[in-house]
Amino acid sequence: MKARTARILCAAFACWLLPACSQWRYDLGVPLDNLEIPPQNTALAEVLQRLGPPLRISATDTGFVLAWEHWHVREDSAGFSLGALGADFLSADWGDMRINGEFLLLTFDRQHLLTSATHSTWDNHGGGGQAIQPLFGFVSVVDVDDITDVMPQHRWGKSLLQPLPGTLNNASSLDSGQSGLQQRGTPTAAGQQSLGMD
Amino acid sequence: MKRTAVPAALMLSVILLAGCAQFESKRGVEVNWQSTVTAQLVNGQSTRRDVLALLGPPSQVIALDGESALYYLFEHSEGEGLILVLYNRMRIDTRYDRAIFFLIKTTS
């Protein structure tokens, strides 16, 4: 009886120490199944009828660009922490991320005719790591926030209410729909959005 | 006994408070920048269609005043650190692959 109780207590204690095992799966957009890239000079109306509404849109100097995308992000993490004992004394973490998806970019001229089209698919290791950290969590071993961010259209309303560097750069922001567009997960430390100091 | 207790406690603290971390992150559009790839593009002649057909969708399509740019960005970060609470050392090595193509208005 005592051995059984001890086993149950051990199992309960182990469960108590393992509060941070998680698997996250993100599906962003819908797969571009049976994709047939329209030929050059196809009219915009026909493209929209074929592909449906685009997820990204922007004006350019020669017309405009439309993009469709699908992302599948797989984030796995495991760890244990002694925080349950009343003090965040020690944590051990492991994390891994895999990203796959596809992106279709179409450019149109001002006469609403298709001028170029390109499509890409990928299945990449997005990052990961492991850490043993005492007292404080210094390092996040896996982070998908920049990949799973909301579409820029959701931020159009508050684009002029950002901190000053972002507001000053708003006219050139690739999220505004006026100055181009960018893919998810584009590095923030280089390129156009570095001016916003995100 | 007291003489050994202090070093032992110190050593135990060091062991218990020591930590380490290792991580990596990859972001952006990874393009194989071999010279055989870029050699297929010619200054003043290649069009937006040529670049997109060769390299796929860029990280950023940037509309400039009377021109546009295709910006391919790839970031690879590797970090490792030693955490001793009172002394912590992190080393993060970030490399960028970058290529930008400026397209004048006449190119489609």
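## Exercises on a predicted two-chain model

The secondary structure of chain A consists of 3 helices and 6 strands. The model is predicted.

**Exercise 1.** Which pattern does chain A follow along the sequence, and what percentage of its 198 residues is buried?

*Solution.* 
1. Read along the sequence, the elements of chain A give α-β-α-β-β-β-β-α-β.
2. Buried residues account for 29% of the 198 residues.
3. Of the contacts in chain A between residues at least 6 apart in sequence, 63% join residues at least 24 apart.

**Exercise 2.** Describe the side of chain A that touches chain B: how many residues are in contact, and which strand gives the most?

*Solution.* 
1. Contacts link 41 residues of chain A with 41 residues of chain B.
2. On chain A, strands E2 (56-59), E4 (90-109), E5 (114-134) and E6 (180-182) each supply at least two residues of this side.
3. The most come from E5(A), with 15 residues.
4. By residue class, the side of chain A that touches chain B divides into 15 nonpolar, 24 polar and 2 charged residues.

**Exercise 3.** Trace the pairings of strand E3 (residues 67-83) of chain B.

*Solution.* 
1. With E1(B), E3(B) runs antiparallel over 10 bridges; B:Lys26 has B:His76 as its partner.
2. With E2(B), E3(B) pairs in the antiparallel sense over 4 bridges, and B:Gln60 stands opposite B:Tyr71. Their hairpin has 3 residues between the strands, with B:Gly66 at a positive phi near 85°.
3. With strand E4 (residues 88-104) of chain B, E3(B) forms 17 bridges in the antiparallel sense. B:Leu73 stands opposite B:Arg98. In this hairpin, which has 4 residues between the strands, B:Val85 takes a positive phi near 65°.

**Exercise 4.** Is B:Ser68 buried or exposed, and which residues does B:Ser68 touch?

*Solution.* 
1. B:Ser68 lies in E3(B).
2. The cut-off for a buried residue is 20 or more other C-beta atoms within 10 Å. B:Ser68 is buried because it has 24 C-beta neighbours inside 10 Å.
3. Residues up to four places away in sequence aside, B:Ser68 touches A:Thr60, A:Asp61, A:Thr62, B:Val61, B:Ile62, B:Ala63 and B:Leu103.

**Exercise 5.** Which elements supply the largest nonpolar core?

*Solution.* 
1. This core has 28 residues; A:Val65, A:Ala67, A:Leu104, A:Leu105, A:Leu106 and B:Tyr72 touch the most other members.
2. Strand E3 (63-81), E4 and E5 of chain A, together with helix H3 (48-55), E2 and E3 of chain B, each supply at least two residues of this core.
3. Leaving aside neighbours within four places in sequence, A:Leu104 is in contact with A:Leu32, A:Leu35, A:Ala67, A:Trp68 and A:His119.
4. A second, separate core of 10 residues includes A:Val73, A:Met97, A:Val141 and A:Val142.

Definitions and conventions
Residues are numbered from 1 along each chain as its sequence is written. Chains are lettered from A and ligands numbered from 1 in the order in which they are written. This is a predicted model: local features need pLDDT of at least 70, side-chain atom pairs count only at pLDDT 80 or more; totals for chains, interfaces and linings use all residues. Two residues are in contact if their C-beta atoms, placed from the backbone, lie within 7 Å. Ala, Val, Leu, Ile, Met, Phe, Trp, Tyr, Cys and Pro count as nonpolar, Asp, Glu, Lys and Arg as charged, and the others, Gly among them, as polar. A residue is buried if 20 or more other C-beta atoms lie within 10 Å of its own, exposed if 12 or fewer, and partly exposed in between; C-beta atoms are placed from the backbone. A nonpolar core is a set of buried Ala, Val, Leu, Ile, Met, Phe, Trp, Tyr and Cys residues joined through C-beta atoms within 7 Å. Two strands pair if DSSP finds at least two bridges between them.
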